[in-house]
Amino acid sequence: MRILVVGAGPTGISAGWRLAERGHDDWLLVEGDDHPGGLAASVVDENGFTWDLGGHVLFSHYRYFDQLMREALGDAWVEHEREAWVWMRERWVPYPFQNNIWRLPPDELARCLEGLVAIQRLAGGGEPPANFVEWLRRSFGDGLCETFMFPYNFKVWAYEPSQLGVDWMGERVATVDLARVLRNLVFQRDDVNWGPNATFKFPLHGGTGAIWDALAAKLPADRLECGRRLTAVDTANRVATFADGSVERYDRLLSTIPCDVLLRLLADRPDLTARADEFVHSSSHVVGIGFDGSPPPSLTTKCWMYFPEPETPFYRTTVFSNYSPNNVARPGEQWSLMAEISESRDKPVDASRIIEQTIAGFRRSGFIDDSTPIVTTWHRRLEHGYPTPWLGRDAVLNAVLPQLEACGIFSRGRFGTWRYEVSNQDHSAMQGVEAVDWMLAGIPETTVFGGMNAEPPAIVPEEK
Ligand SMILES: Cc1cc2nc3c(=O)[nH]c(=O)nc-3n(C[C@H](O)[C@H](O)[C@H](O)COP(=O)(O)OP(=O)(O)OC[C@H]3O[C@@H](n4cnc5c(N)ncnc54)[C@H](O)[C@@H]3O)c2cc1C
C-alpha cells in the first residue's frame, strides 16, 4: 500500500513517525514550504529574535504524545506554571475570568452576579441552545456575557458568536460554579487553577518549531520532501500532481492541508469541489515586538494575557521571552511580546498598520512607554489561522469526509478535519498517528471520531 502524506506540520510528521515505527516501507511525506512544521514552525527574525506563529503552549492528552516529545527534544524544555490574565478596565483579572469577577468594578460585578443568579433559576430547562450566543447566555448569564464573553469571543473568532455552533466547546470553556464565585468574592481570592493546561512546557531553544524540526530530522532519510506543493489530485486514478509538474501515485492519500484547499484540487470531483466555499475560517496576524532591557514588574511572571476590549487590536499577547530566555537575541538583556489579531470578512484588518497599532496597544495597556527601546518588529499573516466551528459545520464535515475516504483520501489535522476542539499540536499529531493505524491495521480513530484520551495500541506486527 503506497501512502502519500501531504503537509509536514505536526499531523504529517507524526504520521510519518508512525509509518516508520510500524515498519511500513512504501510511503512519502511531501511539504509545500521549504521547511517542516506548518503552523507550529518557528522563525528567527533578522535581529535574532525567535517567534512562533502565535504563542504555542504544549500540553498533552496522550502518553504517546508525551513520548514523542521526549524523542524530539529529550529534556531540553523549560517547565512553566500557567499564569494567564485578562487585561480590562485598566486592571488585571486572573484567568479563568468567570471565577475572578470579584476584581471587576462594582457595577459590572453586580450585573455579572445578577446574571449568574438568573441562570440558576433556569437551570436544566428548555430547548438545547441553538448557537454559541444562546449557550453563552445560559452558561454565564447576561452580565458576564456582555462584560467579557461576547466581546472576547468576537475578537478571537472574528465572527459574531451567533454564527458559531455549540458542539465544539468540550473542555475549552469552563462553566460557572456560583458558590465558588461567591467564596472568591467574599475572601477576595484569586482562583487560577483550571483546565488541562495549568502547567506546560516549552522548548529551551528554537521555539515550538524546534520540536517538529527535530522529529522531521529523525524520519528515515529520503521520506520527507520539502518544496513540493500539491496542485491537483486525480481521484479516479489516484495520482497527485505537484507545482513542479511531478506526479506521485498513491493507494491512500493522507492530506493534512486545509480541507477547503484540498477540495479545490480534486480535478475530477466537481461535486466535492463545490462544497469548498461552505468552509469558514479566520486568518491570524502574529506581531512580535522585541525590546532592550527587562519587562516591567507586572509582566515578569506572566505567560499570556487576554484583551476583550475593542480599543486594543489583539485578543491575546504572550510574553514570549518568558517562555524561554533564548527567544531573544541577547538572553537576559532583552525581552519580547507577541500579539495575535484575528481577521475575517466580518472583521477586516489593515495589515499595513498592524505593527504600529500593536505597539500603541502595548502602550495603552501600560506594558511599555515612549522610552522603551524597540529593537525588532516582526509580522506574519496566516491565511488559515483558526478552523471556525461555524453553525452547520458538522453536517458539511459528515458529508464530505466519508466521500473523500471512499476514494482513498483521508483529510486529517487542524484544518484537515476542521475540528477546532481537536486541533492543537497533541490532537493533530495523534490524528496523524491514528490515521496510519486505521489505514494499516483497521484500528478506529478516536481523536477525531470518538472520545479523547485514547491511546494508540502497541504496534501489532500484522498489517491490514
Ligand atoms: C495563532 C495560533 C496559535 C496556536 N496555539 C497553539 C497552542 O498554544 N498549543 C497548541 O498545541 N497548538 C496551537 N496551535 C495549533 C497548532 O499550530 C496546530 O495544532 C498544528 O500546527 C496543526 O498541525 P497540522 O499538521 O494539522 O497542520 P499545519 O500545521 O497547518 O500543517 C499543514 C502543512 O501542510 C502544508 N501545505 C499546505 N498546502 C499544501 C500543498 N498544497 N502542498 C503541500 N503542502 C501543503 C503547509 O505548508 C503545512 O506545513 C495554534 C495555531 C495558531 C494558528
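On one side of α2, R63, D66, Q67 and R70 are exposed, meaning that 12 or fewer other C-beta atoms lie within 10 Å of their own, with C-beta atoms placed from the backbone. This is a predicted model: local features need pLDDT of at least 70, side-chain atom pairs count only at pLDDT 80 or more, and totals for chains, interfaces and linings use all residues. Residues are numbered from 1 along each chain as its sequence is written.

Helix α2 covers residues 63–73; helices here are DSSP runs of H or I, at least four residues, and strands are runs of E, at least two, numbered from the N terminus. Y64, F65, L68, M69 and A72 are its buried residues, with 20 or more such neighbours. Down the axis of α2 they fall within an arc of 140°, so they line one face of the helix; the arc is taken over directions from the helix axis to the C-beta atoms. Their cover includes α1, α6 and α12, contact being C-beta atoms within 7 Å. After α2 comes G74, with a positive phi near 55°.

Now the ligand. Around it are 36 residues, the closest being G7, G9, G38, G54 and G413; the cut-off is a C-beta atom within 6 Å. Elements giving two or more residues to this shell are α1, β18 and α12, and the largest share, 3 residues, is from α1. Where does the ligand lie relative to domain 1 and domain 2? Both give residues to the shell, so the ligand lies between them. The domain bounds come from an automatic or database assignment.

How values were computed. Contact = placed C-beta atoms within 7 Å.
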